[in-house]
Amino acid sequence: MRATASANSNIAIIKYWGQRDEKLVLPSNSSISFTMDGQLSTKTTVEFDRLLAKDGLVLDGAPAKDNETARVSAFLDLVRKKAGITARAKVVSSNTFPKSAGLASSASGFAALAAAASKAAGLDLGQKELSMLARRGSGSASRSIFGGCVEWRAGKKKDGTDCYAEQLSPPGKWRDLRNVIAISSMDEKKVGSAAGMKVSAKTSSLFAARLGAVEKRLALVRRAVRERDFEAMAPVIMQESDSMHAVMLDSWPPIVYLNETSFRIMRLVRELNESHGKYAAAYTFDAGPNAHVYTIARYAPEIRKALAELSGVMKIMECGIGEGVRFV
Ligand code: PMV
């Protein structure tokens with residue numbers, strides 16, 4: 001009753017922001033991401049043991065906070081129900097990136113947990129089923145089950161049976177694609193994404209308009225990924241990020257994740273593209289101020305250098321495209 005799995009984080013280029021069902025974690029729109037390489041990875045071991053009185057969670061070598069343990073325990077309840085078992089579990093999880101890097105992602109965490117917990121419980125789930133299970137822990141985790149470029153289909157059915165992730169292209173297909181990450185804050189976010197998107201759906205008048213725009217962008221990005229057309233994909237990536245953060249700002253009370261450095265980076269990327277006379281880079285931001293600058297390997301050194309010289313940038317990482325979840 002013990003299993004270990006490891007999963008990488010993913011960074012969306014078409015964003016998930018809004019749910020059509022909170023309990024089942026069904027999104028309002030489909031989203032598309034690239035799975036990162038092992039630099040942004042979580043490894044998790046789950047062991048069910050009938051002698052345990054309650055679930056326990058050790059995160060990066062220390063006992064987790066109560067709210068973190070409660071979230072994992074609620075997820076394990078879903079696995080126990082599916083497997084028809086009642087035993088509590090010991091969960092030990094560690095990240096390859098420091099938790100304080102402001103990158104702490106629930107995507108790699110719940111993808112690894114879904115795989116390890118289901119296997120330890122005796123379930124033999126395929127990738128599609130794993131993505132549906134991981135989704136219940138954290139929406140974006142559904143995409144981290146697969147490597148390469150991944151689409152999480154929103155689906156239409158009330159029971160969520162048509163809501164799962166699938167691979168659009170394997171990791172090896174776009175070997176020179178890079179995500180240059182510029183960290184400008186190591187703080188934990190004040191508004192969690194699930195709470196934030198609920199406020200946006202309720203209060204932002206731009207929310208519905210955004211959903212209409214996303215449909216067109218999904219079609220554009222699917223084609224660009226198929227043809228490895230960075231020039232076509234780059235403006236859509238930036239419009240998507242800007243659109244999501246506009247909805248956040250239009251929410252009430254406003255949700256502000258970006259900081260001054262984020263805006264400086266947006267300007268820098270625009271100027272860099274102008275100087276090249278084409279799209280060499282595209283920024284995107286999640287529910288936090290740290291920038292993910294997608295680019296092609298040949299431009300990465302120039303982008304790293306420019307970002308390193310920018311005031312407010314604390315640390316730079318460069319990721320390639322990585323694999324999906326695997327058992328260790
Ligand atoms: O990972 P979640 O379920 O908390 O949602 C995160 C949503 C964004 O990161 C803001 C966008 C995305 O699609 O990953």
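**Notebook: one predicted chain**

I started with burial: 54% of the 328 residues in the protein chain are buried. Buried means under 20% relative accessible area, exposed over 50%, and partly exposed in between (1.4 Å probe, protein chains only).

I noted the ground rules. This is a predicted model, where local features need pLDDT of at least 70, side-chain atom pairs count only at pLDDT 80 or more, and totals for chains, interfaces and linings use all residues. Residues are numbered from 1 along each chain as its sequence is written, and side-chain values use heavy atoms, with hydrogens and water left out.

**Overall form**

I looked up the secondary structure and found 8 helices and 16 strands. Both are DSSP runs numbered from the N terminus: helices are H or I with at least four residues, strands E with at least two.

The C-alpha atoms fill a box of roughly 65 × 40 × 40 Å along the principal axes.

I then took contacts (heavy atoms within 4.5 Å). Of those between residues at least 6 apart in sequence, 76% join residues at least 24 apart.

**Strand S12**

I turned to S12, residues 177-183. Here 6 of the 7 residues are buried, so the strand is largely enclosed by the rest of the structure. Which strands pair with S12? Two strands pair if DSSP finds at least two bridges between them. S14 (residues 291-296) pairs with S12 in the antiparallel sense over 6 bridges. Leu177 stands opposite Ile296 there. S15 (residues 315-319) is also antiparallel to S12, over 5 bridges. In S15, Glu318 is the bridge partner of Val180.

I kept one rule in mind: most residues other than glycine have a negative phi, and most peptide bonds are trans.

Val25 has a positive phi, near 55 degrees. I placed Val25 in the loop between S3 (19-21) and S4 (26-27). Val25 is buried, at 8% relative accessible area.

Arg228 is not a glycine either, yet its phi is positive at about 50 degrees. The residue is in the loop between H5 (207-226) and H6. Is Arg228 buried or partly exposed? Its relative accessible area is 48%, so I logged Arg228 as partly exposed.

Last, I found a cis peptide bond between Trp252 and Pro253, with omega about -5 degrees. Pro253 lies in the loop between H6 (230-250) and H7 (260-276).
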